[in-house]
Amino acid sequence: MDSVLGLAIANLTTPMILFFILGLLAALTRSDLNVPEAIAKGMSLYLMLAIGFKGGVGVSQHGIDLTMVLALLAGIVLSAGIPLIAFRLLVLTTGLSRVDAAAVAAHYGSISIVTFLAASQALQGLAMEAEGYMVAVAAIMETPAIFVALWLARGQGASFDKETLREVGLNGSIVLLTGSFFIGIIAGTEGLDAISAFIVAPFKGVLCLFLLDMGLIAGRGLRDGRKNFTLPLLLFGVYMPLIGAAFGLGFGWAIGLSAGGIALLATLAASASYIAVPAAMRLALPEAKPSIYLPMSLGITFPFNLTVGIPLYIFLASALS
Amino acid sequence: MDSVLGLAIANLTTPMILFFILGLLAALTRSDLNVPEAIAKGMSLYLMLAIGFKGGVGVSQHGIDLTMVLALLAGIVLSAGIPLIAFRLLVLTTGLSRVDAAAVAAHYGSISIVTFLAASQALQGLAMEAEGYMVAVAAIMETPAIFVALWLARGQGASFDKETLREVGLNGSIVLLTGSFFIGIIAGTEGLDAISAFIVAPFKGVLCLFLLDMGLIAGRGLRDGRKNFTLPLLLFGVYMPLIGAAFGLGFGWAIGLSAGGIALLATLAASASYIAVPAAMRLALPEAKPSIYLPMSLGITFPFNLTVGIPLYIFLASALS
Amino acid sequence: MDSVLGLAIANLTTPMILFFILGLLAALTRSDLNVPEAIAKGMSLYLMLAIGFKGGVGVSQHGIDLTMVLALLAGIVLSAGIPLIAFRLLVLTTGLSRVDAAAVAAHYGSISIVTFLAASQALQGLAMEAEGYMVAVAAIMETPAIFVALWLARGQGASFDKETLREVGLNGSIVLLTGSFFIGIIAGTEGLDAISAFIVAPFKGVLCLFLLDMGLIAGRGLRDGRKNFTLPLLLFGVYMPLIGAAFGLGFGWAIGLSAGGIALLATLAASASYIAVPAAMRLALPEAKPSIYLPMSLGITFPFNLTVGIPLYIFLASALS
Amino acid sequence: MKTYPKKRIEVMVEAPLMNRVIGILDDLDVSGYTVFPALAGKGNDGTWHRDGMVGRVGSVVQIVVILDEERIDTVLDPLFNLVTRQIGIVTVSDVAVVRPEHF
Amino acid sequence: MKTYPKKRIEVMVEAPLMNRVIGILDDLDVSGYTVFPALAGKGNDGTWHRDGMVGRVGSVVQIVVILDEERIDTVLDPLFNLVTRQIGIVTVSDVAVVRPEHF
Amino acid sequence: MKTYPKKRIEVMVEAPLMNRVIGILDDLDVSGYTVFPALAGKGNDGTWHRDGMVGRVGSVVQIVVILDEERIDTVLDPLFNLVTRQIGIVTVSDVAVVRPEHF
Ligand SMILES: Nc1ncnc2c1ncn2[C@@H]1O[C@H](COP(=O)(O)O)[C@@H](O)[C@H]1O
Ligand SMILES: Nc1ncnc2c1ncn2[C@@H]1O[C@H](COP(=O)(O)O)[C@@H](O)[C@H]1O
Ligand SMILES: Nc1ncnc2c1ncn2[C@@H]1O[C@H](COP(=O)(O)O)[C@@H](O)[C@H]1O
Ligand code: NA
Ligand code: NA
Ligand code: NA
């Protein structure tokens, strides 16, 4: 196992990360390079379908065990617990209103599936295996943070009726991720063989194009968000993932995951949502300002995890096990 | 050859069908999972290009024979004849107006190319070959039903001028399907080798994503259509494909197609259009209600064929030859 | 090496060109076959990313040499010089206003990346290698022509402020092409292996679908443009690429490119832009009529190069070296 | 700034009908029009949403024509004939423009 | 050609809110509505552009309802309640239609 | 429900010009605007359709600004300067809004 610096440098010169940086630069220089919305959504459907399915096939091969149940539980605890810490830190250090602090906190409890994908690819590049069911852990971590944040903002206009609950719980990415996961379990290796030319072979390449788009979005987020960033907020965007990762590493180690699995759990805990949670916040906590939580998650934490965080979490996970 | 039940169960656990069911469930639980329109159209272009091209390459390998001409003729007769039967049954049993009955009848005479694709994949899974020109039969079956339906609805506001004729005859899917077919004949095996990494290898996987979308649409069709479904209409949506398939099996057997070819002809006869015919009806028979014909075709007959019909038709075709 | 006729015929029966012709015919018969805008843009992103990356990997393998610098210089000279010739010929023979003549001239100085792709594929089909950095030459040739044309139209309402300069210089296709090129240099063969299932294997097939769309656009361009085409303009659309190619061949031979490289430089010089330049003209030379320059470039010169030009340039390049 | 009164006709029809409407406008030599895509809607025939659609049925477009008051009736009559039989809505409203010669 | 005066309500809201607005309209039994997708925009919360977006937040839709003057208040009240708390804009304007019975 | 009169400016321009129009609006500090994509159209320079397009030329967007009557001229003048040289159309119409403080 390389040193963390070696890992980080190797990570930075993969096509994936280079395309992300290209997107970032294009946005910062205000190039009109752009990916049509439909293509971006199509790629995100593809990536979720593929990762879910492959995770399911993994489970169909290795079977279900106690560790899986523990990992799912750990995911729920992390997703629900991290917002509590994040909220407290935000209120103490940043001067955000309680509503805004709760909304930001929700993002850090929930997860970013693209960060998860990037970590999976990095593991694969190092020939480190991870448990297939980690994708189910990812899916299960999407929502608890949202409910905790709404509870934190209770009495501040958080609406939380049955309809909102349904919309949050059955949002497209959760349904596709878990649906594909179960399909993978049923279809098994045979099913994977049938469609691997679609979901395995071109996966990395699609991820490159997707990360180009993420770079563009993150860069625009940075440009637009600049005026809302205070130093305490900026710092939060960097130390909060580290705090999350520390808990992820601890839980992963405690329940006996493989090194790869620990790294993924740490990555999930460290990552911040920018799809599911923002949509939920607009519905249930409309007073919270998207101009704060979106640039934080997309412009600071996402690039940080992608470039520095992931190699670090992998290094620490390997050291732990 | 397995029993029909074995076939049906094997069919139900292929990733293709499982993704269709996932889409259906997501729509029925009102998840916001959705596929952007442009992606859905892009996939349908891809699928038609690929299937047309592969069919043409098949013909370039095996040459043209009398059976091909007979199969094309059989396609025309089926497409024109089935609406007559369907119309009579609808008028007798469902209480639809003549205009609506004619419109529904047109859908059942015409074909669904995705159902055809699913049947082709099922055959391939069973290592059963089918004639390459069946894709030309599919293309030729798209329109005769429309003209017969307009004749059935004559005097009821069916407009049928030269412009409509051109629009119906040169609709995009027919042009792409037959165009790719002829390109396949010209380009031959060499051409196929050049582009097979695009049109052969990932085909099944793309079909999975496309069927996910079809499941979503079918599910929404079912939900919206509920209030228009009477029992006689519902039953029609199930027995009409069986009647069509019976004719398809008979014709296929009579003209000496292979077992695979018979199964495909039966599938075409059994399938109901939901793209070309609805568009033609809006132009030429605007009084007919889309809220009847679309849910019938998409919500009832399409899922029926996909899950139960195709294995049944394959079983019967194998038994016949 | 075959004769030019043999080459041309072989070129005309590749799936790529056949799909282009299919699109052309569909548009001319006013079929409603169409490719959604988002899909067309997605494919063009894909093609530029892939060609740029592969070019960069080529450079990472062969290293940088003096010829590369000379080729880049040749590209700049061609892009800046061809508009001067084109402008003079247009003013002399076609009766276009100076503004329109300048705008058309800009298109012929700049390049069409799809023509470049088609030529690369044709070379590959003949097992002829070309220098990887030709893609950088393509990128560098996009803009000089624009600045020359604005200079030609000075005093006629050509606006040319810093903002326009930035928009022209950092347009999406240049950024993606050169960005991917540099990423290819950094990522090298290892990077290529990781994503070749996405950017190499399906490339030709995607190009087929893209050329189908280009055929549709070219056909519509022809139909719409008919009324603006005079004989001198039509002729210009055919002889101008030949003049450009002649210079390209000469420069390529003089600086010592390989036969494949010479053919590509000739193709670049012969090709006319239809994305970057039209957009720049609308911003900086709004008085020029798009109804002249777009159909010229798309409807005449693009099909001419694709069918007749490319085999001819390859033949001549082989004869030269 | 001086502005001039004009009329704005807006026609909502199902996408397959778009070419018919445009054909009518072309025959009448209107100076221009613009078509906007709708995303979703509801009418007599129920609700529709463009996402996931593979065909064009159900999906609606809005065709906007800005033209002189005098020409209103010439244009409305044939449009109305089309939409009575087919699915569609026609509205007219007042607008002011800055370049009267354009319309 | 004879036309009849109606009102046109236009609601701009962020996409995640669309279903709420539609729900209100459905509850009130309006005869129809049409939703148009916006491409980009700017409001209190800054600028947004749809390209490259993966989520729906920020992207705005415009919901158009043509209806009878009499029904305006019944519809405006609940809509307004929604948009005061949430992000959104409601405008009303005059239009004339050719088929009054449709609305 | 009480409503307040405002003006609605609608600018149709070719997509490459969109950023120029937005730049003008930003410089003038208008409180907001929304851009809608058009699908197809016809003008002095012939017809265009977005499908299959790879470039942005020809495709048109509509920029909608709702603002106070008082500010109309400040905004119309620079917009008009842009569209006279370039391709485009500017219209103004009356609307009523429910939240006057928003504009
Ligand atoms: N009152 C209305 N306001 C706005 N749009 C409408 C209205 N009624 C119908 N539409 C639109 O016009 C389409 C066709 O309506 P209909 O002719 O009632 O089936 C619908 O799908 C809606 O998109
Ligand atoms: N004055 C305005 N004119 C047109 N559209 C506006 C205006 N103000 C806001 N919008 C649109 O409404 C959305 C939400 O605005 P806001 O409620 O100010 O955040 C913006 O993103 C714009 O698309
Ligand atoms: N009278 C009109 N009504 C509606 N849209 C128009 C009209 N004239 C022009 N347009 C739109 O504005 C664009 C540019 O028009 P033009 O400046 O005439 O070339 C056209 O492509 C149309 O989309
Ligand atoms: Na997290
Ligand atoms: Na049929
Ligand atoms: Na050139």
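Analyst: Happy to! A residue is near a molecule or strand if one of its heavy atoms lies within 4 Å of it. This is a predicted model, where local features need pLDDT of at least 70, side-chain atom pairs count only at pLDDT 80 or more, and totals for chains, interfaces and linings use all residues. Residues are numbered from 1 along each chain as its sequence is written, chains are lettered from A and ligands numbered from 1 in the order in which they are written, and side-chain values use heavy atoms, with hydrogens and water left out.

User: Which residues come nearest to ligand 2?

Analyst: Asn44(E), Trp48(E), Thr34(F), Ile66(F) and His102(F) come nearest, out of 20 residues around ligand 2. The ligand lies between chains E and F.

User: And what polar atoms of Thr34(F) and Tyr33(F) lie by its oxygen atoms?

Analyst: Here a polar contact is a pair of N or O atoms within 3.5 Å; within protein, one must be able to donate a hydrogen and the other to accept it, and residues adjacent in sequence count only if both atoms are side-chain atoms. A polar side-chain atom of Thr34(F) is 2.8 Å from an oxygen atom of ligand 2, and a polar backbone atom of Tyr33(F) is 3.4 Å from an oxygen atom of the ligand. Taken alone, ligand 2 exposes 480 Å², and the protein buries 96% of that (accessible areas come from the Shrake-Rupley method with a 1.4 Å probe; for residues, only the protein chains shown count as cover).

User: What about ligand 1: why is its site called shared?

Analyst: Because residues from chains D and E surround ligand 1, the site is shared between chains. A backbone N or O atom of Ile66(E) is 3.0 Å from a nitrogen atom of ligand 1. The protein buries 97% of the 480 Å² that ligand 1 exposes when taken alone.

User: Is Leu268(A) buried or exposed?

Analyst: Leu268(A) counts as buried because its relative accessibility is 0%. Buried means under 20% relative accessible area, exposed over 50%, partly exposed in between (1.4 Å probe, protein chains only). Ser271(A) is also buried, at 0%.

User: Which residues does Thr47(E) touch?

Analyst: Leaving aside neighbours within four places in sequence, Thr47(E) is in contact (heavy atoms within 4.5 Å) with Asp224(A), Gly41(E), Lys42(E) and Tyr33(F). Thr47(E) is partly exposed, with a relative accessible area of 40%. Thr47(E) sits in strand β4 (residues 46–49) of chain E; helices (H or I, at least four residues) and strands (E, at least two) are DSSP runs, numbered from the N terminus.
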